[in-house]
Amino acid sequence: MIRFSPTGKVFRVWRRFSSLSANTMPLTETITNTFRTNELDPINHRKDHDGRFYSISQSVKKQLFSGGGLPKEYKELSETLNGLSIMVRKPAIELITYLNKTNFDAPVNRYVLYGKTGSGKSVSLAHILHYGSNAGMVLVHVPWVPNWVRFPKGCTPSVIHPNKYDHPIESVEWLRHFSTQNGPLMQKLELKTTETYAWSKREMTAVGSPLSELIDLGMNRAKHATDCVTALLCELKKAALSKRCRVLVVIDGFNSFFSPKSRVRREDKSIVLPTEFVLTDAFLSLTRNDWNNGAIVVSVDASAHPSELRESPLPRYQLGKQGFEHLDPFIPIEVPNYSEKEFHSQIDYYVERNWLQQPKARTERGRAELSFTSGNHPLSLMKLVAPY
Amino acid sequence: MSLFGVLRKLPSFNAIHCHINFLGRIARQQPYSMYQPFVKEPTYSIEKLDQLIESGEAKKREFVPVKAARSDHNVSVFHDELTSKFINMVMEKGHKEVATKLVETAYMKIKQMQLAKYYKATTDAERAEIELNPIVIFHKALENCKPVLQLTPIKRGGATYQVPIPITENRARFLAMKWMILESREKERTVHFPERLAYELLEAFNNTGKVVKRKQDLHKQCETNRAYAHYRWG
């Protein structure tokens, strides 16, 4: 309401805004529903587990994620809260249902997780990785492709492939990650090479030698590590085809393979595209649907591309023409923001773990505020709750 | 035409509210304020508004002019006035977002450190003793850092003496915050402001640390200079 003083000045007049519904909400703490599940095996996760947290033991976390796979802040938070617990959400449940019903004699299915940055794709992939591990599948896991494209520790021109580039350090790290994830399984499967690999005039890996020898060679000799990775992926594909093992390929930030630029430059300062990396060829060969007895789960994220290519989170835009034609046909699975049930479950978890400390924030009004200001977006919620 | 009217017409006095006291001297009421003296501070907390309505105070205030809302006044469940004040003091060159982020990161680090202790504790008694709420820790830490006396330079016979005088609540709060910020800015290159602030706040909460020591040094100085206390009155 506006009032005018005798001198002509305008004063703002105080009025009670009766339409504020927030003040009618009670200021007592609420925990809305049961937010945990005792079902610790992802193979058994179904629709009723939606919105519930299941905990992953320290040993499994170390085995699966010590080389990467969980987002940095998420991992730090799980360490602060004294245990890794992942929320079972619809995209992961959908994938698990598909994987449980897959006809492994048919060519591999390709699943693409997409959604806004921070909506939970990497964590869903982590869930699927745990599933694959429990289901006895060989895990071929790339934690975050942009690490190879944007922050390579040193690319060298490839000896074997002309005009292509090796990632010696990253390949050694990846082989280490592979052997940590699949160590016990590889010992059990005892896969053998089907070809001879000549590394130099005197060094070679003969036909029929165990795959672990190939991996060890790659880990010890950085110069040959990238070619070891290529050879390993080739062998796994053949092993899957001949029904000796079942392979689950999980790649986070797959669209980075088709990024328009990288941080690698040639001597003449021209930029090397990701499609000119040997590692790209290796993984693109594995993600083709010319083999069976496996599954390929991939995520595309806007943050995996440079800022010019972040307009839309959808797969066709993020993959580009080349990437789309490579992956087509695939099954797109959206990773949306939290539903109301998932949101309350997340807040319950934070309250139970003593992370959300402010007493008023734990109330119905506080939850309404958090839901509104975060837009039910998982990453935004995590950041809003962090200081309080 | 009153002197007051004359003054209001002069453009340079637009921002100054003056009144003429009985000696005819101009006494400044609210220098530099854009508002007239009768304009009230806004009440923006929903609980306080509800209280005013219940008590009937609201009816009396219906036509009282109120100052404009400040950008950091909000009804969020996370709003804390003391934290707002602190963020303003941390802020440099008007970069409020940076200052907010620094203080919020410090709160997060406090939670992390306290939770580490909490989950390490084995008995319920130990756990009950650990305070986890960063705002509670912040309030208590500031309380522990507030001095009760301050020194002021007073000249007597050519020499300047540091005389202990009483301190107002606002001044004490200001000094506590200022010392806390200054202490958190001194650091190694690798330890950033939020981490340092978190450590300092936790130490002050336990009545230890450099800021509490500074307060205690000030109190000691006041004690040594108590002989000059009468200089306050000439």
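Colleague: Which exposed residues are on the face of α10(B) turned away from its buried side?

Modeller: K220(B) and T224(B) are the exposed residues carried on that face of α10(B). Bear in mind that this is a predicted model.

Colleague: And which residues of α10(B) are buried?

Modeller: V211(B), V212(B), K215(B), L218(B) and C222(B) are buried in α10(B). Looking down the helix axis, the buried residues of α10(B) fall within an arc of 120 degrees, so they line one face.

Colleague: What covers the buried residues of α10(B)?

Modeller: The cover includes helices α7 (134-145), α8 (169-185) and α9 (193-205), along with strands β3 (149-156) and β4 (159-166), of chain B.

Colleague: How far apart are the end C-alpha atoms of α10(B), and what span should its residues give?

Modeller: Helix α10 of chain B runs over residues 210-224, and at 1.5 Å a residue its 15 residues should span 21 Å. The end C-alpha atoms are 21 Å apart, which agrees.

Colleague: What does UniProt have for residues 57-226 of chain B?

Modeller: An unreviewed UniProt entry annotates that stretch as "domain: Small ribosomal subunit protein uS7". In the model, residues 57-226 of chain B are 60% helix and 9% strand, with the end C-alpha atoms 46 Å apart.

Colleague: Switching to chain A. How many helices and strands there?

Modeller: Chain A has 13 helices and 13 strands. Its C-alpha trace spans about 100 × 55 × 35 Å along the principal axes.

Colleague: What share of chain A is buried?

Modeller: Of the 388 residues in chain A, 52% are buried. The chain exposes about 17,800 Å², and carbon and sulfur atoms supply 54% of that area.

Colleague: What about contacts between residues 24 or more positions apart in chain A?

Modeller: Such pairs account for 72% of the chain A contacts with a separation of 6 or more.

Colleague: One residue, then. Is H130(A) buried or exposed?

Modeller: H130(A) is found in helix α4 (residues 121-134) of chain A. H130(A) counts as buried because its relative accessible area is 4%, and the cut-off for buried is under 20%.

Colleague: Which side chain makes a polar contact with that of H130(A)?

Modeller: The side chain of Y54(A), at 2.9 Å. Leaving aside neighbours within four places in sequence, H130(A) is also in contact with residues including L40(A), P42(A), I56(A), V60(A) and L64(A).

How values were computed: Residues are numbered from 1 along each chain as its sequence is written. Chains are lettered from A and ligands numbered from 1 in the order in which they are written. This is a predicted model: local features need pLDDT of at least 70, side-chain atom pairs count only at pLDDT 80 or more; totals for chains, interfaces and linings use all residues. Side-chain values use heavy atoms; hydrogens and water are left out. Helices (H or I, at least four residues) and strands (E, at least two) are DSSP runs, numbered from the N terminus. Buried means under 20% relative accessible area, exposed over 50%, partly exposed in between (1.4 Å probe, protein chains only). A polar contact is a pair of N or O atoms within 3.5 Å; within protein, one must be able to donate a hydrogen and the other to accept it, and residues adjacent in sequence count only if both atoms are side-chain atoms. Contact means heavy atoms within 4.5 Å. The expected span of a helix is 1.5 Å times one less than its number of residues. The arc is that of the directions from the helix axis to the C-beta atoms. UniProt positions are given in the numbering used here, feature names are shortened, and annotations may be inferred rather than shown by experiment. Accessible areas come from the Shrake-Rupley method with a 1.4 Å probe; for residues, only the protein chains shown count as cover.
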